[in-house]
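Please look over the sequence and the model first, and then follow the points below.

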Amino acid sequence: MTCPDEAIAAEIARRHIGQTPNAVRRFTNGIQHYVYEVSFEQHAPLVVRMTVPSQRLAMVGAKTLSAALRPLGVPLPEIVACELDDPFPWLILNRLPGTDIGDVLAHLDTEAIDRIARDVAKAQRNTAKLETASRYGYAVHAQDAPHRSWSDVVSQHIARSSKRIASAGLFDPSLVKRIEAFAHLARDEMKSIPAIPFLHDATVKNVIVTDEGQLSGIVDVDDLCFGDPRYSIALTLAASIVRGLPDEYAARLLHHGGHPDDWLFRFYVAVYLLDLMSEHGQDFNGNERKTTDLERNRILALYLDALARLGDRT
């Protein structure tokens with residue numbers, strides 16, 4: 001067996017609880033790990049989060065950051081058991097009530113959207129209390145962040161998208177050239193960005209909210225990003241417009257974080273639209289799905305529109 005599955009999740013939970021699960025359901029939103037909700041007759045549901053051996057360090061990072069962030073008030077679920085040296089390294093976590101905000105955002109009222117955005121912005125401010133080492137990019141510890149400048153992080157992101165697009169063959173690779181030109185224009189502006197730690201994957205996914213519109217917590221924190229905290233909000237906005245969701249949530253995240261909605265932020269949004277394009281045609285962890293010509297044409301149009309709006313800078 002090359003990947004963990006629901007039978008392994010059930011057995012891990014059974015050994016920990018001492019009860020046989022009555023239901024196991026995979027979460028289908030993530031594209032990296034293998035995450036299951038495991039339910040019991042006489043125990044609260046748990047989450048079994050597993051990965052393949054090559055991603056073991058991600059689980060190590062999740063455990064480390066849980067210990068660092070929960071005392072700061074960042075609402076991560078409690079890890080109740082783990083085995084990081086298992087053939088498929090795993091964590092068992094308490095199941096937060098609710099679902100990803102992206103699944104319910106269209107049905108939330110303005111008050112709920114503002115409240116959730118305020119609470120997520122607070123979690124980001126608390127995350128920013130961790131140490132920084134004037135290094136940039138993705139890491140668990142500040143000193144391990146791989147880049148010396150924020151612009152290098154963004155350029156590497158664009159390069160990854162370019163490589164994926166070329167490999168899938170679903171979009172014209174020349175579409176990357178214009179965003180690369182805008183990246184060059186943004187380099188001087190990005191020089192002033194401090195290396196602030198932030199939750200880079202707390203977007204329309206991983207922000208768990210209840211049916212009543214309350215923040216339940218934030219999940220899937222394997223590492224941090226050190227740089228501009230608006231980067232995660234840019235992904236939130238890009239994913240929202242691609243899915244036809246209200247853009248108000250991203251606007252409230254900017255507001256409660258005290259961040260400007262300026263040219264550089266809109267450049268980040270275009271970078272993430274390219275990133276979302278690059279996911280089409282890729283194989284990840286089995287949660288990916290085939291996309292239609294209509295969906296690809298829609299995201300292409302959104303990307304081209306974002307580039308056109310950036311054109312004033314040139």
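In strand β2, the residue that R26 has as its bridge partner is Y36. The model is a predicted one, in which local features need pLDDT of at least 70 and side-chain atom pairs count only at pLDDT 80 or more, while totals for chains, interfaces and linings use all residues. Residues are numbered from 1 along each chain as its sequence is written, and side-chain values use heavy atoms, with hydrogens and water left out. Helices (H or I, at least four residues) and strands (E, at least two) are DSSP runs, numbered from the N terminus, and two strands pair if DSSP finds at least two bridges between them.

**Strands β1, β2 and β3**

- Strand β1, residues 23-26, is paired with β2 in the antiparallel sense, and four bridges join them.
- On pairing with strand β3 (residues 46-50), β2 is again antiparallel, here over five bridges, and V38 has L46 of β3 opposite to it.
- Strand β2, residues 34-39, is mostly covered, since six of its six residues are buried, where buried means under 20% relative accessible area, exposed over 50% and partly exposed in between, with a 1.4 Å probe and protein chains only.
- Y34, Y36 and V38 point one way from β2, whereas V35, E37 and S39 point the other way, and all are buried.

**The sheet of β6, β9 and β10**

- Three strands in the order β6-β9-β10 make an open sheet with antiparallel pairing, and its edge strands, β6 (99-100) and β10 (215-218), each pair on one side only.
- Helix α4, residues 110-127, packs on this sheet and touches β9 and β10, contact being heavy atoms within 4.5 Å.
- The direction of α4 makes about 30° with that of β10, with axes taken as lines fitted to C-alpha atoms, for helices over the stretch in contact, and angles running from 0 to 180 degrees between N-to-C directions.
- Two bridges link β6 with β9 (residues 207-209) in the antiparallel sense, and D100 has I208 of β9 as its bridge partner.
- Between β9 and β10, which run antiparallel, there are three bridges, and V207 has I218 of β10 as its partner.
- The hairpin of β9 and β10 has five residues between the strands, and G213 in this hairpin takes a positive phi near 85°.

**The second largest pocket**

- The second largest pocket holds about 290 Å³ of space.
- Its lining consists of 16 residues, and L237, I241, R266, V269 and R309 are those that lie nearest the centre of the pocket.
- Two or more lining residues come from each of α7 (230-242), α8 (248-257), α9 (263-278) and α10 (293-310), and α10 gives the largest share, five residues.

**I165 in helix α5**

- I165 is located in helix α5, residues 150-168, and it counts as buried because its relative accessibility is 3%.
- Apart from its neighbours within four places in sequence, I165 is in contact with L170, F171, D172, P173, V176, L274 and S278.
- From I165 to G281 the C-alpha to C-alpha distance is 8.4 Å, although the two are 116 residues apart in sequence.

Note on methods. 1 Å grid on protein atoms, 1.4 Å probe; cavity = no way out; pocket = protein on both sides within 12 Å on 5 of 7 lines; lining within 4 Å. Points joined across faces, edges and corners; volume = space filled by probe spheres on them.
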